[in-house]
Amino acid sequence: MTGVASTGTVAELAAALRARKLSSVELTTALLARIEQAQSTLNTFVTIDAEGALEQARAADAVLTRPDEPPPLAGVPIAHKDVIMTAGLPTTCSSRMLANFIAPYDAHVAGGLRTAGTVLVGKTNMDEFAMGSSNETSWFGPVRNPWNRDFVPGGSSGGSAAAVAARLVPAATGTDTGGSIRQPASLSGVCGLKPTYGVCSRYGLVAFASSLDTPGMFARTAEDCGLLLNAMAGHDARDSTSLDRPREDYTRDLELPLEGLRIGMPAEYFGDGIDADVAAAVDQALAQFRKQGATTVPIVLPNVRLSVPVYYVIASAEASSNLSRFDGVRYGHRAKDYTDLADMYSKSRAEGFGAEVKRRILIGTYVLSHGYYDAYYLKAQQVRRLIADDFARAYQQCDVIMGPTAPAPAFRIGDKTDDPVQMYLNDIFTIAGNLTGAPGISIPCGFDRRGLPIGLQIQANYFAEARLLNVAHRYQLDTDWHARVPGGFAP
Amino acid sequence: MALTVADVHRIAQLARIEIDAAAAAQVHGKLLAIFAMINELQAVDTRGIVPMAHAQDVMLPLRDDAVTEIDQHALYQSVAPAVEDGLYLVPRVVE
């Protein structure tokens, strides 16, 4: 290779490929070697498609040598969370249920990234059916945190977060239903953006909770997140909730100064129960923004404390309905021995789903069952409205809302597996963004005393992705938390 | 509204998930803790609040009433556990 590190950012790699300082085959080969080497320790991938990746890399190199303008991300290797369907490759959702499932078509976001010229190296490990906050519910075993392998990377998109943190790929996709991009980004020390609901199509995502599921991405810089979002966003008639809006360049405002930016500080995000190192790192980040000309405004979000119970009613209800399609008839796991059709369904589902998935299906079935619908499901939808109203009021006083992404840094593998409520409370600051549908990003803002990363969450009103990326980018120009590399994964 | 072990068996049956007594007892304990958290919602006054089903209040779009799907049954059935002559095979339902 000619002096260009294969572990550069998306922007750096795209420029180097374009300038022919590096070929996509060289780059892809180098990253595949890193992925292979890290697999036994981190377990970030479920499927590694070396052959397919090299074939795409060769095609990208051919495009890059032509005189005409290449696609924006030509030759840049990426990975997809294994909930995103990719034609011809396994899409397992890290579940035994789909262990042998080959997707017949591409998800909209996978197609967009393909058109933008990216090279798909493989599919990343995740919590089974995206249900979890630690990546421990995967049928293929837990993903380990590159900063300390005894700790979780966060979840559910833990494989994508850890792969980007360990410099195995410059960027990877994820999905965020209750924090599944932002929380692992925080725990693994990378950037993770959840766009506004409806900006990226859900077509081709294996559905978990349809009114909350949001595709997004991980990268090391806000700029890179914008480059990927440019390729992933856009109207798609195949998803009835995809919004028909004019196309935009999400990187257009990156360099705008932050003079006059009003940052809302919710009292509820800075109270008891926040790890001291997390609180200190977030305070320091806010001081940095003030130095850049921003002001901080105290705000209140009184109903946000209810977002966890609301989420576990709504998400579980939608999951119980969505996951009823897995019956062992058209695709997925079918039990070997059964007496009749009903027995085949219930045995196939009992064997195919893991404990956390079954638990959520049971919660969802219960809250939707006769006599309980009003008390649980309708009630949760009403409180969802109260939470959204809190945010609408807050945005009359501020442009963005900041706070910790998660109340504490990563925890040890196995520490919370027996206590689902404790596990669920990890998402206390991220869930509201799914309930309202507004965008949020987590960016690295420090480390705790054990050397585990800490994330700052920046939220903004609907469709303010370009503003969010601007705020994050300006912070990254003056700090280097995002450029730190976990030990053992140096380029 | 305390959830009983009998409820667990009933909802598992509704959800078509086989569950034995030991597993039902185990999941029952975890569900009680989860519902203790969920039941915090009951204390909230929601009189007159319009339920929020979705992030965006948009109308469902309509497309042209035209055939757009092509026949891909062979592709879709290539991932099925058991097929014959283009049909999905399941255990006999009617004797």
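Reply: Gladly! Let's start with Ile401(A), which is found in strand β9 (residues 400-404) of chain A. Keep in mind throughout that this is a predicted model.

Me: Is Ile401(A) buried or exposed, and why?

Reply: The general idea is to count neighbours: 20 or more other C-beta atoms within 10 Å make a residue buried. Ile401(A) has 28 C-beta neighbours inside 10 Å, so Ile401(A) counts as buried.

Me: Which residues does Ile401(A) touch, leaving out those up to four places away in sequence?

Reply: Its partners on that count are Gly264(A), Pro266(A), Ala394(A) and Gln459(A). As a distance check, take Leu187(A), which is 214 residues from Ile401(A) along the chain; their C-alpha atoms are separated by 20 Å.

Me: Now for cores. In the largest nonpolar core, which residues touch the most other members?

Reply: That core has 160 residues, and Cys191(A) and Phe218(A) are the ones that touch the most other members. Helix α9 (residues 307-322) of chain A gives the most to this core, contributing nine residues. With residues up to four places away in sequence set aside, the contacts of Cys191(A) include Phe218(A), Ala222(A), Cys225(A), Ile443(A) and His482(A).

Me: And how do I read a pair of helices?

Reply: Two packed helices are described by the angle between their axes and the distance between the axes. A case inside chain B is α1(B) with α2(B): their axes come within 9 Å and cross at roughly 105°. That makes α1(B) roughly perpendicular to α2(B), because angles of 65 to 115 degrees count that way. From α1(B), Val5(B), Val8(B), His9(B) and Ala12(B) meet Ala24(B), Ala25(B), Val27(B), His28(B) and Leu31(B) in α2(B). This contact divides into seven nonpolar, two polar and no charged residues.

Me: How does the reading go when the helices sit in two chains?

Reply: In just the way we did before. Helix α11 (residues 355-368) of chain A and helix α2 (residues 21-38) of chain B have axes that come within 11 Å and cross at roughly 60°. That makes α11(A) oblique to α2(B), and their crossing is right-handed. Here Arg359(A), Leu362(A) and Ile363(A) in α11(A) meet Val27(B), Lys30(B), Leu31(B) and Ile34(B) in α2(B). By class, these contact residues are five nonpolar, no polar and two charged.

Me: Zooming out, how many residues of chain B are in contact with chain A?

Reply: There are 41 residues of chain B in contact with 54 residues of chain A. On the side of chain B that touches chain A, α1 (5-14), α2 and α3 (73-77) of chain B each supply at least two residues. The largest share comes from α2(B), with seven residues. By class, that side of chain B has 33 nonpolar, three polar and five charged residues.

Technical notes
Residues numbered from 1 in each chain as written. Chains lettered and ligands numbered in written order. Predicted model: local features only at pLDDT ≥ 70, side-chain atom pairs only at ≥ 80, totals over all residues. Axes fitted to C-alpha atoms, helices over the stretch in contact; angles between N-to-C directions. Helix = DSSP H or I, 4+ residues; strand = E, 2+ residues; numbered from the N terminus. Parallel < 35°, antiparallel > 145°, perpendicular 65-115°, else oblique. Left-handed = near helix turned anticlockwise from the far one by under 90°. Contact = placed C-beta atoms within 7 Å. Nonpolar A, V, L, I, M, F, W, Y, C, P; charged D, E, K, R; others polar. Core = buried A, V, L, I, M, F, W, Y, C linked by C-beta atoms within 7 Å. Buried ≥ 20, exposed ≤ 12 C-beta atoms within 10 Å, placed from the backbone.
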